[in-house]
Amino acid sequence: MVPLNYYLILSGILFAIGTSGVFLRRNLITVMLSIEIMLNAVNLTFVAVGRYLGTVDGQIITFFVMTVAAAEAAVGLALVIALFRHRETLSPDAFTALKW
Amino acid sequence: MTDYAAIIPIVIVALSGTAAMLAEAFRQPGERMPIAGLGLIGLAGAALASVFLWDSDARSFGVIRSDNFALFINLILCVIGVLTMLFSNEVVEREQLPAGEYYALTLYGICGMMMMAAADDLLIIFLALEVLSLSVYVLTGLRRASEASAEAAFKYFLLGSFSSAFFLYGVAFAFAISGSTRLDQIGVALSAQGAGTPPTLALLAVGLLAVGFAFKVSAVPFHMWTPDAYEGAPTIVTAFMSTGVKAAAFAAFVRVFLSPLEPLQAQWVPILSAVAGVTMILGTVVGVAQTNIKRMLAYSSIAHAGYLLIGLISNSPTNGAGKAAVLFYLLTYAVTNLGALGIVALLGTLQNQHDELRDFAGLWKSRPVLAGLMTVFLLSLGGLPPTAGFIAKWYIFTAAVQEGHYWLAIIGVLTSVVSVFFYLRIVVMMYMTEGTETPRPRVPATAMAGLALATAAVFYLGVLPTRILDLALASIATIF
């Protein structure tokens, strides 16, 4: 069996990839996808820890997180469309109506 | 058998939100429908249920706990909701916001806030946080024709969901330490570690949870979204979210950090003290430079988050003064800030938001009553006696001194003094500057009733605070 630490390190790396994606990517959709990667890194932690502790709790929590992620994606994409209608671009640099 | 008592206030608000949505769906085009009334009924019902549940310490499903602390926050949220509803009727029509969505999302937001205050499980806190955040993101972007509104909503959404991911990672580490997301079991697992350096996982959990909460209460360095979201949102939504989200987030912040994470106090107090100090200073200093009222009140809201953090820090197992002060402060901030932003919202029209400093010129001449009430709210935000803001700050700083956080108390007092400057700028503008002859819209009687209620509360809390403060003290005694 793969030790728990490997999973924790992998999820830490995935979380870091997601975090850096939020800061570095210059496309709003990709930035949202980076947040999804962060959430899924957390899911991996929950499942790995649940398996390690021998309970199903971790896997059940994952379902809650997936539902929340779906709701977030729905709201986020709707907001992206609302933004796109005004500027016809997805680059975050274009949106300067408010002091950033 | 499962006990449903604890979730009754939450369910009532959720039902009235659904009723608001259905009412809009069945509305004929052009028909006027008092949807705000439905919200008022629901909120009154929730407040009544909270009063009946007082002292019962009811629990539902093992994860929702209606102790007096949660019920006190419920009552604050009901006050916030009622005031918002009273102001909304006119504003929603004038700014042409979609009424059904507006009322339903506001009520669902309140429902999430109540759940967040009552949750006894980190996963439920996360779900409640998402319920309230998703409602507020959409509310922020409700003016679809406005580019600023869409931009504000997206920025808020992006940074909000980014911080939720951090919060959730913290939950995952807490789960890894204790094998459960229940607050009491996490507390047991952490106390069992005993003294000495806590394990890395515990520190990671505390740090990530703190980041998540700091984002939601807009503490520095996680405050970037606040001014943009507050400026871009419809003013009435700014009023609602600046008070409601803060109350709910601080409720959960206090509950998580002062019961299960209390064994790690030695680790998190220094960090949060630094955050509180920087938050107060930055909120005040940058606030001075603002000429837009909503932006100015956004920075003021950041500074107020700093004061509230002092209350959170200034606690020890034997002394709960700081927690009671936080509850009192949240109530004070709710009535004061809702009043101030409510006036801005009531003066705005579709063409002119009435949120620039110069828009307030000569308000005393054309609208003496509104100018007078605005002055009261601004003085209370600045913390001048005999208003509620003074007493609230007094208790926060007293708690800080009792626990030996002298520096925080000094920074708090100094920043309060500086903040009076930018509140008084608005007052000077209203009384001493000649206004342009732009017509200002009529303010209906229901909204005036709301403003009167808020003013009465400001003076009641400022002159006779003992009763409410005793209630706050009693309500924190039950859980910690």
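Let's start with A:Ser91, which sits in the segment after H3 of chain A. A word on labels: helices (H or I, at least four residues) and strands (E, at least two) are DSSP runs, numbered from the N terminus. Everything here comes from a predicted model, in which local features need pLDDT of at least 70, side-chain atom pairs count only at pLDDT 80 or more, and totals for chains, interfaces and linings use all residues. Residues are numbered from 1 along each chain as its sequence is written, while chains are lettered from A and ligands numbered from 1 in the order in which they are written.

So, is A:Ser91 buried or exposed? It counts as exposed, because it has 10 C-beta neighbours inside 10 Å. The cut-offs work like this: a residue is buried if 20 or more other C-beta atoms lie within 10 Å of its own, exposed if 12 or fewer, and partly exposed in between, with C-beta atoms placed from the backbone. Setting aside neighbours within four places in sequence, A:Ser91 is in contact with A:Arg26 and A:Asn27. Contact here has a plain rule: the C-beta atoms of the two residues, placed from the backbone, lie within 7 Å. For a sense of distance, A:Thr45 is 46 residues apart from A:Ser91 along the chain, and their C-alpha atoms are separated by 32 Å.

Now let's look at where the two chains meet. On chain A, 29 residues are in contact with 29 residues of chain B. Three helices of chain A each give two or more residues to that side: H1 (4-24), H2 (28-53) and H3 (57-87). Which of them gives the most? That is H3(A), with 14 residues. By class, the side of chain A that touches chain B has 23 nonpolar, five polar and one charged residues. For those classes, Ala, Val, Leu, Ile, Met, Phe, Trp, Tyr, Cys and Pro count as nonpolar, Asp, Glu, Lys and Arg as charged, and the others, Gly among them, as polar.

Let's stay with H3(A) and bring in a partner from the other chain. The axes of H3(A) and helix H5 of chain B (residues 122-140) come within 11 Å and cross at roughly 5°. Those axes are lines fitted to C-alpha atoms, for helices over the stretch in contact, and angles run from 0 to 180 degrees between N-to-C directions. The two helices are therefore roughly parallel to each other. Angles under 35 degrees count as roughly parallel, over 145 as roughly antiparallel, 65 to 115 as roughly perpendicular and the rest as oblique. Among the residues making this contact are A:Phe64 and A:Glu72 of H3(A), along with B:Glu130 and B:Tyr137 of H5(B). The contact of H3(A) with H5(B) has ten nonpolar, no polar and two charged residues.

Next, a helix pair inside chain B. H13(B), residues 321-347, and H15(B), residues 368-382, have axes that come within 9 Å and cross at roughly 140°. That angle makes H13(B) oblique to H15(B). In this contact, residues of H13(B) including B:Gly339 and B:Ile343 meet residues of H15(B) including B:Leu373 and B:Phe377. The residues of this contact divide into eight nonpolar, four polar and no charged.

B:Ala205 lies in helix H8, residues 200-216. With 28 C-beta neighbours inside 10 Å, B:Ala205 counts as buried. Not counting residues up to four places away in sequence, B:Ala205 touches B:Gly170, B:Phe173, B:Ala174 and B:Ile177.

Past H8, in the loop between H8 and helix H9 (225-232) of chain B, you'll find B:Pro221. What is the peptide bond from B:Val220 to B:Pro221, cis or trans? It is cis, with omega near 5°. The bond from B:Pro385 to B:Pro386 is also cis, with omega near 5°, and B:Pro386 lies in the loop between H15 and helix H16 (388-402) of chain B.

Last stop: positive phi values. B:Asp57 is not a glycine, yet its phi is positive, about 50°. B:Asp57 has 16 C-beta neighbours inside 10 Å and so counts as partly exposed. B:His354, another residue other than glycine, has a positive phi near 55°. With 20 C-beta neighbours inside 10 Å, B:His354 counts as buried.
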